[in-house]
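This report describes how the parts of one protein chain pack together. Please look at the sequence and the model before reading on.

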Amino acid sequence: MEAERISSPESLSAKFEGSFAYLTVRDRLPTILTKVIDTLHRNKDNFLKEYGEEGIQAEKRAISFLSKLRNELQTDKPVLALTDGVGDTEAWNEYLSRQQELMDNGELVSWFKSPWLYVECYMYRRIQEALYMNPPMHNFDVFNEGKTQSFFESQLAIKLLCTYLQELITNMENVTEIKLRENFLKLLQVSLWGNKCDLSISAGRDNSQKSSPIDSLPDLQSFILVDDSSMVWSTLVAPQGSGPLGMKHSTVDIILDNAGFELVTDLVLADFLVSAGLAKKIRFHGKSIPWFVSDVTKLDFDWTIRQTMAANHKCMSASGVQWKHFMKEGTWTYHDHPFWTQPHEFCDMEVDAEDLYRTLQTSDLILFKGDLNYRKLTGDRKWAHTVKFNQALRGFQPAPLCSLRTLKADVQVGLKPGQAEGLCSQDSNWMTNGRYAVIQLFSPHREQ
Ligand SMILES: O=P(O)(O)OC[C@@]1(O)O[C@H](CO)[C@@H](O)[C@@H]1O
Ligand SMILES: [Mn+2]
């Protein structure tokens, strides 16, 4: 494993002028900070109503902290240690020291010189610091409005999807294995394309699902660059090559990404897995702080189930009621380990978050949703496109795992020779425009 790490390519970074990382740090991150500041301004009256003068003072201090942060970023100042003294502060500051050791010629870790993955995660953690340092604002989710809006803007697609799910469940009894497999593959793809709807890539602008998620699948098929979905199915139904369909008592872990439409697609897939007897337990993993604009927190997760239950639409509310029931009886559980909101590459997990790694080792299949998880799986490095997924994981192999990701960052491994060149000639932004996707599996049980 050590040899593999030594041969790892360089991290993506804003130091490569003109790269997507560079443009993100230069343009997208300051825009997001400006929107956060605007959100605090707009909520001034609410803070006054809720907390009186103390609320207003806290809001002012948080805004000034965030304006300073934006300035630090834009002028490429050194990255500062966190001072808020909460549970993960030390881990963050220790990670900063690690980054410092990687710098050449005594240069300081800074926004435009250090790994993009690190500084981008760090920005979201600093936004949280602005709130932690200014109670009573510490529980305020600066991204809440965008997340709830994206859920409401996708209502039609959500209703269609819930209707589709309820029909599948009603007709589940005499379904053949071929049909079951077909339905599974469809819902896996719906969950995959749900990842188009994130608000970080659009710097907070509306990016919701407007068309029918099932009807669009055939047109999207050719945009899936790596499609290991048949092997995902095999992993689910007979992981060790034994056991009849549905007898495996599998645990499936879903590492969630975005709230809004994407979360609904994940819940629908999870419902199908349980209702079809393909999984016995689903463990959802979300974020413990607001993260990358649209990522799911526990509040978003619970809110989404409540909203779905309360919908004035038969199939949607039936789905919500079922999901609430799964949570209540423990068939579904929600977890938010702090590691998910730290900047580490996942190959560090076994050492830096051993408890989480041990939990994931008990999984039969781990689904990693979204682009940021892919970046962390592959370390956000300049891999050649033909490098095997397994190699880019650099020893991160807790259990069979599958990435469901639309491409929104310039890292992609596991392509066939010539595939990337072909894509480049058709669409020069293929790695970052979210039009393409992968369903990419690593399984210790199969030859890589
Ligand atoms: O993980 P997600 O929600 O699919 O994507 C998050 C994301 O849009 O944020 C970054 C842009 O700031 C991109 O690298 C990345 O694709
Ligand atoms: Mn996200």
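The axes of helix α2 and helix α6 come within 11 Å of each other and cross at roughly 5°. This is a predicted model, in which local features need pLDDT of at least 70 and side-chain atom pairs count only at pLDDT 80 or more, while totals for chains, interfaces and linings use all residues. Residues are numbered from 1 along each chain as its sequence is written, chains are lettered from A and ligands numbered from 1 in the order in which they are written, and side-chain values use heavy atoms, with hydrogens and water left out.

**Packed helices**

Two packed helices are described by the angle between their axes and the distance between the axes. Helices (H or I, at least four residues) and strands (E, at least two) are DSSP runs, numbered from the N terminus. Axes are lines fitted to C-alpha atoms, for helices over the stretch in contact, and angles run from 0 to 180 degrees between N-to-C directions. Angles under 35 degrees count as roughly parallel, over 145 as roughly antiparallel, 65 to 115 as roughly perpendicular and the rest as oblique.

By this rule, α2 and α6 are roughly parallel to each other. Contact means heavy atoms within 4.5 Å. On the α2 side, the residues that meet α6 include F20, V25 and L33, and on the α6 side they include W116, M123 and I127. The contact of α2 with α6 has twelve nonpolar, one polar and one charged residues. Here Ala, Val, Leu, Ile, Met, Phe, Trp, Tyr, Cys and Pro count as nonpolar, Asp, Glu, Lys and Arg as charged, and the others, Gly among them, as polar.

Helix α2 (residues 20–42) also packs with helix α4 (residues 53–74), at an angle of about 170°. That makes α2 roughly antiparallel to α4. Among the α2 residues in this contact are L29, I37 and H41, which meet α4 residues including E59, L66 and Q74. The classes here are twelve nonpolar, four polar and two charged residues.

A further pair is formed by helix α8 (residues 155–170) and helix α12 (residues 261–275). These two helices are roughly parallel to each other. Their contact includes L161 and L165 of α8, and V264 and F272 of α12. It divides into ten nonpolar, two polar and one charged residues.

| Helix pair | Angle | Axis distance |
|---|---|---|
| α2 and α6 | roughly 5° | within 11 Å |
| α2 and α4 | about 170° | 10 Å |
| α8 and α12 | roughly 0° | within 11 Å |

**Domains and cores**

The chain is divided into domain 1 (9–132) and domain 2 (144–442). These bounds come from an automatic or database domain assignment. The centres of the two domains, taken over C-alpha atoms, are separated by 28 Å. Their contact takes 27 residues from domain 1 and 30 residues from domain 2.

A nonpolar core is a set of buried Ala, Val, Leu, Ile, Met, Phe, Trp, Tyr and Cys residues joined through side-chain atoms within 4.5 Å. Buried means under 20% relative accessible area, exposed over 50%, and partly exposed in between (1.4 Å probe, protein chains only). The largest nonpolar core has 82 residues, of which W111, M349 and F396 touch the most other members. Its largest share, eleven residues, comes from helix α6 (residues 116–132). Apart from it lies another core, of 63 residues, among them V190, I214, A311 and M316.

Leaving aside neighbours within four places in sequence, M349 is in contact with residues including F339, Y357 and F396.

**Single residues**

H344 lies in the loop between β4 (332–335) and α15 (349–352). At 3% relative accessibility, H344 counts as buried. Its contacts, apart from neighbours within four places in sequence, are Y95, R98, F339, D352 and K376.

L393 is in helix α18 (residues 389–393), and is buried, with a relative accessible area of 0%. L393 and C347 are 46 residues apart in sequence and 6.5 Å apart in space, C-alpha to C-alpha.

Most residues other than glycine have a negative phi, and most peptide bonds are trans. N105 has a positive phi of about 50° although it is not a glycine, and R394 has a positive phi near 45°. N105 is exposed, with a relative accessible area of 77%, whereas R394 counts as buried at 3%. A cis peptide bond joins P135 and P136, with omega about 10°.
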